[in-house]
Amino acid sequence: MAQQQAGSDNLMIMPDHAEDFITRIFQAAGADLAEASAIAGNLVGASARGHDSHGIVRVPRYLEAAERGHVFFDRHVSRVIDNDAFVLLDGQHGFGQVLGREAVEAGLEKAEKQSVALVGLRHAGHLGRIGAWAELAADAGFVSIHFVNVRNSLLVAPFGGAGRRMSTAPVTIGVPCLDGQHFILDFATSRVAEGKALMALKSGKPMPGDDLVDANGALTRDPHALYGEVPPGTVPNPRGGSGALVAMGEHKGSGLALACELLAGALTGSGNGGPEDRIWNGMLSVYMKADALNSPVENGPGTAQAVQDYVDFVRACPPADGHEAVLVPGDPERRRFAERTENGMPVPVEVWQNIVDAGAALNISPQSPSA
Ligand code: NAD
């Protein structure tokens, strides 16, 4: 179950144990079993793949959002525009774990018929780790590209700016590979996702490197720059501080973040910035049926084989000093998943205690029998 990790402040939690517990918590909070499992599976899936920032640390925040009427159980996408190649979906502030899957399914259905599809999703509760949606598409044989923004979540300073103007706006690209080890590039356009600052805050450790600036635009490693002072027993609010996250890749990453804001926020109608207390995701996704792109050149491999050959060629690159191996995006998550499924996920004691407390408030304990 939960065991202290030797020499650290972490507990080692087995993913299936966490998933069962968190499913029961969300059921007690008002979700039916299918929705509760989707939420728990997605959060545990992110933690098990090494993206702790988008994993179970978010349980109290999701519960609080539901309690405050910022996100709603049992909501599904409605079709605002629907034509051959394009569908615009409104998530009606439901849980992103349900809406994200529905958006992928809508995209695959259209791309199955037309080879390509464009899907806009607006007003979606937090969509979690966007790579999960690209994996779903890749497993079904579809290339996908996702641009995402977070409405009402100004956290990131644009290149050359000293204030907050953009969300952490992730970009994700998935390309299916013949061996099932798909290329999944999935990152926030801030140097780090906001949840990484949350994990630093929770574990009482400074942020690494050049990821945050204070109110004057000076680099700082203190996560309080983002959250301000957090009274005990309260859920940290990233609006609470006067600093900002730094955009990745200087002017290039800052430009990519702005592209996400335009594509996922302005063009879907989900919106950008804003003063409201609640947040939601917008996402613009392109889906391509990989088989439909297959146009082998004479004596050459089909495109699926060409993808596999090239990815293998990159993996075979000799590692530079200090690196064990060259990995392809998607590999680190698969490695971590294998390791954590076997040995458990390291979870800071405070993070697990917050989940246990949230469960206790709903009369759910980690030891209760499964629902
Ligand atoms: P990150 O900086 O850890 O980068 C992850 C990407 O880099 C992955 O594609 C991974 O496979 C690849 N990668 C990592 N190490 C590698 C290596 N050594 N060689 C090759 N590739 C490597 O990710 P992040 O920016 O911290 O984002 C974390 C998560 O947060 C993502 O899943 C993202 O979708 C999610 N996110 C979600 C929201 C939202 O609103 N829903 C907002 C921001 C971020």
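User: How far apart are Tyr310 and Phe313 in helix H9?

Analyst: They are 3 residues apart in helix H9 (residues 303-315), so about one helical turn separates them. Helices (H or I, at least four residues) and strands (E, at least two) are DSSP runs, numbered from the N terminus. An α-helix has 3.6 residues a turn, so residues three or four places apart point the same way.

User: What kind of model is this, and which residues count?

Analyst: This is a predicted model: local features need pLDDT of at least 70, side-chain atom pairs count only at pLDDT 80 or more, and totals for chains, interfaces and linings use all residues. Residues are numbered from 1 along each chain as its sequence is written, and side-chain values use heavy atoms, with hydrogens and water left out.

User: What makes two rings an aromatic pair, and how many pairs are there?

Analyst: Rings of Phe, Tyr and Trp (its six-membered ring) pair if their centres lie within 6.5 Å; planes under 30 degrees apart count as stacked, over 60 as edge-to-face and the rest as tilted. That rule gives 5 aromatic pairs. In one of them, Tyr62 and Phe95 have centres 6.1 Å apart and planes at 65°, which makes the pair edge-to-face. The pair links distant parts of the chain, 33 residues apart: Tyr62 is in helix H3 (residues 59-67), and Phe95 is in the loop between strand S4 (86-90) and helix H4 (96-114).

User: Are Tyr62 and Phe95 buried or exposed?

Analyst: Buried means under 20% relative accessible area, exposed over 50%, partly exposed in between (1.4 Å probe, protein chains only). Tyr62 has 7%, so it is buried. Phe95 has 2%, so it is buried.

User: Why is the pair of Tyr310 and Phe313 called tilted?

Analyst: Their ring centres are 6.0 Å apart and their planes meet at 45°, so the pair is tilted. Tyr310 has 54% relative accessibility, so it counts as exposed. Phe313 has 58%, so it counts as exposed.

User: Which residues form one aromatic cluster?

Analyst: Phe26, Tyr62, Phe73 and Phe95 form it.

User: What makes a charge count as sitting over a ring?

Analyst: NZ of Lys or CZ of Arg must be within 6 Å of the ring centre and within 35 degrees of the ring normal. Arg49 lies over the face of Phe337, 4.2 Å from the ring centre. The charged end of Arg75 sits over the ring of Phe72, 4.0 Å from its centre.

User: What makes helix H6 largely enclosed?

Analyst: In H6 (residues 194-203), 8 of the 10 residues are buried, so the rest of the structure largely encloses it. Among the buried ones are Glu194, Met199 and Lys202. The cover includes H3, helix H7 (224-227), S12, strand S14 (345-348) and H11, where contact means heavy atoms within 4.5 Å. Gly204 follows H6, and its phi is positive, near 70°.

User: Which way do the residues of S14 point?

Analyst: Met345 and Val347 point one way, Pro346 and Pro348 the other, and all are buried.

User: How do you know that strand S2 pairs with S14?

Analyst: Two strands pair if DSSP finds at least two bridges between them. S2 (residues 10-13) and S14 are joined by 4 bridges and run antiparallel. Asn10 stands opposite Pro348.

User: Which strands are the edges of the open sheet of 4 strands?

Analyst: The order is S7-S12-S10-S11, with mixed pairing. Strand S7 (156-157) and strand S11 (219-220) are the edges, since each pairs on one side only. S7 runs parallel to strand S12 (residues 244-246), with 2 bridges between them.
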